[in-house]
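Visitor: I would like to learn how to read a protein structure. Where do we begin?

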Amino acid sequence: MGDPVERLGSEALDSAAAVKTDDLCMEIDPPFQENVATAEDWRKALNKVVPAVVVLRTTATRSFDTESAGSSYATGFIVDKRRGIILTNRHVVKPGPVVAEAMFLNREEVPVHPIYRDPVHDFGFFRYDPGAIQFLNYEEIPLAPEAACVGLEIRVVGNDSGEKVSILAGTLARLDRDAPHYSKDGYNDFNTFYMQAASGTKGGSSGSPVIDWQGRAVALNAGSKSSSASAFFLPLERVVRALRFLQKGSETFVDKWKAVSIPRGTLQVTFLHKGFDETRRLGLKSETEQIVRHASPAGETGMLVVDSVVPGGPGYKNLEPGDVLVRVNGEVITQFLKLETLLDDSVNKNIELQIERGGTSKSLTLLVQDLHSITPDYFFEVSGAVIHPLSYQQARNFRFHCGLVYVAQPGYMLFRAVVPRHSIIKKFAGEEISCIEELISVLSKLSRGARVPLEYISYMDRHRRKSVLVTVDRHEWYAPPQIYTRDDSTGLWIAKPAFQHDSPFLSSGVKDVENLPAQPVSLTSEHACRGHVCEDSNLELVDGVTSMETNCEDHSECVAHNNASDGVVKKRRVEEDLSADGNVVADFSLNDNREAKLEKSSVIQDDMLLDYQGATAAAANASVAERVIEPTLVMFEVHVPPSCMLDGVHSQHFFGTGVIIYHSQDMGLVAVDKNTVAISASDVVLSFAAFPVEIPGEVVFLHPVHNYALISYDPSALGPVGGSVVRAAELLPEPALCRGDSVYLVGLSRSLQATSRKSVVTNPCAALNIGSADSPRYRATNMEVIELDTDFGSTFSGVLTDEQGRVRAIWGSFSTQLKFGCSTSEDHQFVRGIPIYAISQVLDKIVSGANGPPLLINGVKRPMPLVRILEVELYPTLLSKARSFGLSDDWIQALVKKDPVRRQVLRVKGCLAGSKAENLLEQGDMVLAINKEPVTCFRDIENACQALDKSNDNDGKLHLTIFRQGREVELFVGTDVRDGNGTTRAINWCGCIVQDPHSAVRALGFLPEEGHGVYVARWCHGSPVHRYGLYALQWIVEINGKPTPNLDSFLEVTKELEHGEFVRVRTIHLNGKPRVLTLKQDLHYWPTWELRFDPNTALWHRNIIKGLNCRTV
């Protein structure tokens, strides 16, 4: 049996459309009062009220406190026309950075700025410029909290479920309902009564006025219970008080609005109103009850009882749950309103409380704390993480002290370390952390690429600290750390650098190129990795904020999935060598001892080497192949920064197994599948089976067609012992595997131990046919793979070897998408063998010196190979089927003679858009021969392309003989030359990430004629493109009528746009549908920046193109 609270219906904070739970009790409503208003009265009232109700479009630009970054609609209404003050809910105003506009009835839109949000109660105020409204006559809505009574007929006027104007009728049924409970880790109101009515409000009606027939607001709509169509309204007494402070304070302003202080006091105690029957059971004495009833208004049914106390607050260790409040400063208090009035009037003063605890009367003197002092008004942003002092709201939810270092959004650096949202950081880099300033001080001393331990606790497991390793970003994935501080006079959060200019953290990282590895991290505990795992996570991670998701064309079709696990937690124990600290002790008077120590160290290293070699050789029951190949295997852990999830990559976290194919003193290379290392903008960590060490890797080659990537590492990072036991595998590209051949499938288990089994090749040339995903991403095409009779399942990757341990193939992972119906799909993966010949050819070019562009690898520039390919997607067709299409017997015999095993012909499935083969080859063409030589498999075409590179008297064209619609055709088709760098440039404009269209997009066969160089790959939550609906999977072809055919022209156009300017954007979707939309540029929170890979430093660099306080680059 579950908790009854969770089994009852659910409530929703409308703007977030989040399902919440609430504890309801069965009570009989008081009798309704007679309604005397006529239809004409209501018509007059609504005619006056409706023009003063506005639609609020709000965008939380960062996750903060209880709210996540995102965009939503809500409602507000004018309460002061002269000053331009709009009343709405706190969860609409947001506790953190927000950008908002108000839409009036006549479609006039004005920007609004937050001027106050209550720390506890669900109300806040926006302000607009009254002079900006030119064409609408409207009046402010008066607030009349005293008019609320049971039985009062009401109307809720607002933006319900996205409707511009919605008027819902209802009757106030209760005035003393408990404050609704929305979430265990989000915003909740407390220490107040709520009103209840059956008006059935839904998303978007938050902040709507609840009016009576005279056009007065008697309450503020706040939430609803979807299962019973019940709505919950906030009383307006405290709203009226706050509004008066704002009005009084603004009288002194001349030119612009200034921040107004509204006194708010707290004991950090939550009270509930309990009936006298319950207080008696709690031990309330009869004489006390008699006194309270006599001193209270007629009809009083209960008293205030302590429900919870926040640790470290004024009430902590003084008040306990179950205490019954009797008097405050000698006055009997039974209502929330009177208690809160006393507290607000006594900020930083002592008050006297009289309580009864289990029948015993106690008197207490407590200091009333300033509520604003425990409500954070700044945050620290680093690597996409938002960190700030723990607020009173969350301290109450989690039962922690206010002010602790709270992770509102883990961002990238903390996400890599598996630090979840809502965590409390307790220790970092060996130093205790109790406030944000201490965290900033420690972090500023670290250099890029440093790995340090972090300890945190969470409210889900509050009694144990968890320890993880945090890796400081080596590349400039994100902006330098900043501190944002709220400015209530402007409604903005002002950013300033968090570190001094001489901080090691702000160094470019170029110095790290020469000394890439720090002291290697030894792993002594189990390395909790699966054989091959793709960890998907749409946690709200961002540059600046939020999670970047590929989205659909229409906003209504956008569904953000947050169903991913946090991944396999890797529990590591770090053993740090003294030399890792960089502290060298020079003692010249002890040279003899120093030499002796060096000799002893050398002996120890030799012993360790023998131990590791012996351990490998003595593996119990291991085959020869397993013992030979184990020292060459490497476990991969790959993270993709959300700020550059390019090329349609479908996850931020990958695991897999690779094999070392080259190992020398100055360079090591590891081959792995592209479902483990999908794009070059990745952080790669390598764990070696031969030696317990974890070091970074760098992506140096991504094959444009085949499913493999090459990753480099620095052999010196392994140390003398690790460098001796780690070695490269022997590759055996020829002869090719045949059906029935015996091979050994060898990979790594979760504990980094080699696991193997003997298998038989069932199909050495199975052609892949992987369809395009909903969001185009790399998919293996024009490949033949190896199938076995038995394997270890779809998550186990490794290598296929012969009995001597020579590698015949990579056993790699392939990504695909299974589609169910027309609207549902699910990511899947499978494993197959990738013949080693393609990897061997590229390796030979890298080692011997290729003719491609240079790349810095471990401090040495090396020319990288270029790959010539025919950018055509092909698929095999059986010759028996080809005969039915009219292929002649002569060609069938020639193809059978060429390849008696396959007995197939290759057909054209499509040409990549923008390729040299486009418009020459057509879908369905059969490729019979190249240079008069019959062609039967993909490798024949690859060999022909390579032959073009060796020949000096060609123009890069292949002489093809094709069969098209019953006749043979001779064609000269151009080939394309591609590098192995992948996408090396991306631009973030208004929160959308644009890039050149990658090959998976071009494989769809369509590029807009207007220009196709600016492809939207991702978008960010809380950004302008989120607010205005510029989502992924489309090209930006024009901005303000100016064409943007490529990224350079796009930058030139966007540089001219100013902050706050509305921009007209023309897009073309993947399906070819054109669209024009407008959005407002926000350079304050979303500057335009570029991320580019520099092959001269092997680092990704980030440059601000245009920001509010930055010069244009």
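Guide: We begin with charges and rings. A charge sits over a ring if NZ of Lys or CZ of Arg is within 6 Å of the ring centre and within 35 degrees of the ring normal. Keep in mind that this is a predicted model.

Visitor: Over which ring does the charged end of Arg-757 sit?

Guide: Over the ring of Phe-792, at 5.1 Å from its centre. Now look at Arg-155. Its charged end sits over the ring of Trp-42, 4.1 Å from the ring centre.

Visitor: What about two rings together?

Guide: A pair of aromatic rings is described by the distance of the centres and the angle of the planes. A search of the whole structure gives 27 aromatic pairs. One of them joins Phe-193 and Phe-336. Their centres are 5.0 Å apart, with 75° between the planes, and the pair is edge-to-face.

Visitor: Where in the chain do Phe-193 and Phe-336 lie?

Guide: Phe-193 is in strand E11, residues 193-197. Phe-336 is in helix H7. They are 143 residues apart, so this pair links distant parts of the chain.

Visitor: Is Phe-193 buried or exposed?

Guide: Buried means under 20% relative accessible area. Phe-193 has 11% relative accessibility, so it counts as buried. Phe-336 is at 6%, so Phe-336 counts as buried too.

Visitor: Which residues form one aromatic cluster?

Guide: Phe-64, Phe-379, Tyr-484 and Trp-493 do.

Visitor: How do I read a helix?

Guide: An α-helix has 3.6 residues a turn, so residues three or four places apart point the same way. Take helix H4, residues 237-250. At 1.5 Å a residue, its 14 residues should span 20 Å. The end C-alpha atoms are 20 Å apart, which agrees.

Visitor: Which residues of H4 are buried?

Guide: Among them are Val-239, Val-240, Ala-242, Leu-243 and Leu-246. Arg-238 and Arg-241 are buried as well.

Visitor: What do the buried residues of H4 pack against?

Guide: Their partners include strand E4 (70-80), strand E7 (109-117) and strand E14 (230-234). Helix H7 (336-344) is another partner.

Visitor: How do I find empty space?

Guide: Rolling a probe the size of a water molecule over the atoms shows where empty space is left. Here the count comes to 12 cavities of 30 Å³ or more. The largest cavity holds about 320 Å³ of space.

Visitor: How many residues line the largest cavity?

Guide: There are 22. His-703, Val-867, Arg-868, Ile-869 and Glu-942 lie nearest its centre. The largest share of the lining, 6 residues, comes from H18.

Terms used: Residues numbered from 1 in each chain as written. Predicted model: local features only at pLDDT ≥ 70, side-chain atom pairs only at ≥ 80, totals over all residues. Heavy atoms only, no water. Helix = DSSP H or I, 4+ residues; strand = E, 2+ residues; numbered from the N terminus. Expected span 1.5 Å × (residues − 1). Buried < 20%, exposed > 50% of the residue type's maximum accessible area, 1.4 Å probe, protein only. Contact = heavy atoms within 4.5 Å. Phe/Tyr/Trp six-rings, centres within 6.5 Å; stacked < 30°, edge-to-face > 60°. 1 Å grid on protein atoms, 1.4 Å probe; cavity = no way out; pocket = protein on both sides within 12 Å on 5 of 7 lines; lining within 4 Å. Points joined across faces, edges and corners; volume = space filled by probe spheres on them.
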